[in-house]
There are 2 protein chains.
Amino acid sequence: MLPEFRSQCPVASALDFFGDRWTLVVLRTILAGRRRYSEIAAIPEKIATNVLADRLERLEAYGLISKAPYQTNPRRYRYSLTAKGADVLPVLQALAAWSAAHVPDRWTSPAWFVDGRPRDFYPAA
Amino acid sequence: MLPEFRSQCPVASALDFFGDRWTLVVLRTILAGRRRYSEIAAIPEKIATNVLADRLERLEAYGLISKAPYQTNPRRYRYSLTAKGADVLPVLQALAAWSAAHVPDRWTSPAWFVDGRPRDFYPAA
DNA sequence: AGACTAACTTGCATTTTGCAAGTCACTAAC
DNA sequence: GTTAGTGACTTGCAAAATGCAAGTTAGTCT
């Protein structure tokens, strides 16, 4: 499943996936190692739970993350990045670098984030 | 003038500037050399004119673009990138690279875009 | 039985977006 | 010298997305 594309421009098309206030924040959070719904819901940015549920559903539908049950009774899930999702890392790094250069008083990115490569963030297929 | 920040995370903060469907599309368009309102309004993605006017106003308020009159009677404007706006180039390149790798049938990015550096896109200060 | 937790869903108000049309200041054509 | 056109917007209104609080379901813990 794919979004509706406004054009075939690769920049605009990527924004048809990520062009909203929350999708990349959720991806950043999973990349940072939070895998359970409640852990993701607890981010400092205070995402509304209906928005989080919607973004997780869309990210899974688009193939950027996958969801696996980690227990039964009751069934609970763990989210993780696919290769397609981990490949968003350079976008996140570029965003963070821009903020570091142009927005005062931001948190310093950890080395694992700055120097990381997509392959480091998804389990070997 | 700055947006309201949801947190001090550099990724989330960049998205407080760019996290919507249109801001980066407008920036891409100006970077590609379209400088007048009507030229920007004519992009294939069909941006609504109220949204375009709003994004230009915000981008100027945030210091990413500047607006200079290029004629009087009637007064008309030319938009161009500031250093802060041109520094968004790596974000656009990362988005385009992601699409090239993961979305079928996108347009191929021109070499000036793929190999460009921010300094190439704003008039020497 | 009663309290708690994880993972969501529902309802409703506010905000943002999309779409069409209108405005204002000129310029050029008939 | 009315009519048509262009550039840069603004306005009005419907539709979609977001924010906030509360509710639900299926369990576990004491």
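This is a predicted model: local features need pLDDT of at least 70, side-chain atom pairs count only at pLDDT 80 or more; totals for chains, interfaces and linings use all residues.
Figure 1. Of the 125 residues in chain A, 34% count as buried.

**Figure 2. Overall dimensions and fold order of chain A.** The C-alpha trace spans about 50 × 35 × 30 Å along its principal axes, and the radius of gyration of chain A is 15 Å, which agrees with the value near 14 Å that a compact globule of 125 residues would have. Chain A holds seven helices and two strands, and when the chain is read along the sequence these elements follow the pattern α-α-α-α-β-β-α-α-α.

**Figure 3. The hairpin of β1(A) and β2(A).** Strand β1 of chain A, residues 65-71, pairs with strand β2 of chain A, residues 76-81, in the antiparallel sense, and six bridges link the two. Within this pairing A:Ser66 stands opposite A:Ser80 in β2(A). Four residues separate the strands of the hairpin, and in the turn A:Asn73 has a positive phi of about 55°.

**Figure 4. The relation between chain A and chain B.** Chain B is superposed on chain A, with an RMSD of 0.1 Å, by a rotation of 180° that carries 0.0 Å of shift along its axis; the two copies are thus related as by a two-fold rotation axis. B:Asp20 is the residue of chain B that comes closest to the rotation axis, its C-alpha lying at 2.2 Å. Because 100% of the interface residues of chain B are also interface residues in chain A, the copies meet through the same surface.

Key. Residues are numbered from 1 along each chain as its sequence is written. Chains are lettered from A and ligands numbered from 1 in the order in which they are written. The radius of gyration is taken over C-alpha atoms; the globule rule is 2.2 Å times the number of residues to the power 0.38. A residue is buried if 20 or more other C-beta atoms lie within 10 Å of its own, exposed if 12 or fewer, and partly exposed in between; C-beta atoms are placed from the backbone. Two strands pair if DSSP finds at least two bridges between them. Copies are superposed by least squares on the C-alpha atoms of residues with pLDDT of at least 70 in both. Two residues are in contact if their C-beta atoms, placed from the backbone, lie within 7 Å.
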